[in-house]
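Hi,

Here is the structure I promised to pass on. Have a look at it first, and then read on for what turned up.

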Amino acid sequence: MKQVFLYLLLITIVIFATFFAWVKIQEKTAEKKAAEKPNIIFILSDDVGYSDVGAFGSEIKTPNIDRLADEGIRFANFYNMSKCEPSRSSLFTGLYEGGKNAVNFAQILRNSGYYVIHSGKEHWMNWAPEHVLAKNVSDQSLTFWAMNEFFEPPSGEFARPFVLNGDTVNVNGIYHEQKPFFKTDALTDNALRWLEEPVQKGQPFFLFMGYGAAHYPLQARPEDIAKYRGTYKKGWDKIREERMQRLKEIGLIPENVLLSPPSSNMNKFRGHPAGDEERREKIPLYRPWEELNEQEKDELDLEMAVYAAMVDRMDQNIGRLLKYLDDNGIADNTIVVYMSDNGSCPYDSNRDFDFPPGVAEGFRTLCAAWANAGNTPFRYFKQYGHEGGTNTHFILRWPEKIKSGLITHQQGHIVDVAPTLLEAAGVEYPEKMGNINPQPMHGSSLMPILLGKERTEPEFFMSGWTDRFRMFRQGDFKIVKANDESWELYNLKEDPTEINNLAKEFPEKVQELENDWLKKKEELKQSAN
């Protein structure tokens, strides 16, 4: 009997010891997991309109962007700075306006142990100091400034050259897996190759993908164009109606929201070449689709098919990135963000009409009527402070922290990205960085929204290209200018597509917001010094 008791006692001791050892292991595992910094992939598309991806109502096939939306959170309302260089400057610094003490948050991540890769477009405001450039903050970088071609030009010379880790290179100096060279593919080829080092070492990484798609010139692989040829013969009016309906079905806009009226490019500072009547005829201002002849419809179907093909090819490459995360078992603790730098672009930057859209020999751009469809349901375009220029799709996936399939109607802004990702990485914004006293960020973290809570809304939001197209918003009310003309006033809660201008009805509200804008403008200027 005594032996049985001792045996049971021993068994009990072993069970308890095993249990407590298991608990200890679990605690250490949890601590280690908590200490692991998330990887970050930030994908910035170029001149892609609010409704130009499937997750935001498009007929363009974007299954990988749609997957991010289904497995993450979509922001129905998210502002950019309405043009390439201010959006990128605000993205990387968290500032509306900066100066010599602006810092690139990628540098802060790198200083905290991240491996930093910049693959794609780079474009900064004049106020950006040299130390924020990709070549100065990245472990690996392949960049081009502002815009260049997707195929190698027949001359072999790009409009602006590629720069590999600070050195100018031609196509032969750029690693690419598929021929002929196509920029969107090559940027992913290099990114995936560079990811091998941090992934094998278990080092957290920050990857910025600036595909440049679907900025002009309109160039795409023939097999991608073929997918969409004929899709757009129904016309821009029907495309806008269908996208509007899908946006409502998804839940991104309320049922009672009205579709903004169709628009041509109204920008007096960037329009058609003066006096070029032949060119004006070739780049149609908005007309009801039914008024076009069959030849015009076919040509314009091709134009939009090429644009759709560029977005499609970008999505295919996003799929390659997601597959890499899955194959390496690192998807759960990798933050993936997708957004656009501004609304779709209506500007005539066609260099000639000798070649159709799509081919390497040509340099064609999207017409205003198709750009207007891309910005459904909003008014106007890139550069404008109206919602069509400033309101972007924004998607963020982080399986380890964020619930899937969420849609939020809380307002975010591109200046909020840097503080959000630094908080997610558990990295403090430095008070000192070498000889630099970093300028305090203007944005605030989106983490409360990402975790399903309410964020205290910032005091104001600002966007628009220069003061000629400035917008300033406080709460539900927004003032906005076009062509440096009088302020318009909109209540975005009641009128998100800016149809009812309230400026004449409430001049005192216009004055109040203008006064606040002037005050904030001066404060931002002072903070940059």
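Aromatic pairs first: in this predicted model the count comes to 30. One of them is Phe92 with Phe105, a stacked pair at 6.1 Å centre to centre with 25° between the planes. Phe92 sits in helix α3 (residues 84-93) and Phe105 in helix α4 (residues 105-111), so this pair ties together parts that are 13 residues apart in sequence. Both Phe92 and Phe105 are buried. For an edge-to-face case, go to Phe158 and Phe162, with 5.0 Å centre to centre and 85° between the planes; Phe158 and Phe162 are buried too. There is also a cluster, in which ring pairs link Phe42, Phe92, Phe105, Trp124, Phe206 and Phe208.

Next, the cores. The largest nonpolar core has 91 residues, and the members that touch the most others are Tyr338 and Trp370. Helix α10 (residues 294-327) is the top contributor to this core, giving 16 residues.

Now to strand β9 (residues 394-397). Phe394 and Leu396 point one way from the strand, Ile395 and Arg397 point the other way, and all of these are buried. Strand β2 (residues 73-79) runs antiparallel to β9 and is joined to it by three bridges, with Leu396 as the bridge partner of Ile73. Strand β8 (residues 334-340) is antiparallel to β9 as well, through four bridges. Here Leu396 turns up again, as the bridge partner of Val337.

Last, helix α15 (residues 507-527). With 21 residues, α15 reaches 30 Å from its first C-alpha to its last, close to the 30 Å expected at 1.5 Å a residue. Which residues of α15 are buried? They are Val510, Leu513, Trp517, Lys520 and Leu524. These cover an arc of only 100° around the axis, which puts them on the same side of α15. What they pack against is a set of strands: β11 (461-463), β12 (471-474), β13 (477-480) and β14 (488-491).

Over to you!

How values were computed:
Residues numbered from 1 in each chain as written. Predicted model: local features only at pLDDT ≥ 70, side-chain atom pairs only at ≥ 80, totals over all residues. Heavy atoms only, no water. Core = buried A, V, L, I, M, F, W, Y, C linked by side-chain atoms within 4.5 Å. Buried < 20%, exposed > 50% of the residue type's maximum accessible area, 1.4 Å probe, protein only. Helix = DSSP H or I, 4+ residues; strand = E, 2+ residues; numbered from the N terminus. Expected span 1.5 Å × (residues − 1). Arc of directions from axis to C-beta. Contact = heavy atoms within 4.5 Å. Pairing = 2+ DSSP bridges. Phe/Tyr/Trp six-rings, centres within 6.5 Å; stacked < 30°, edge-to-face > 60°.
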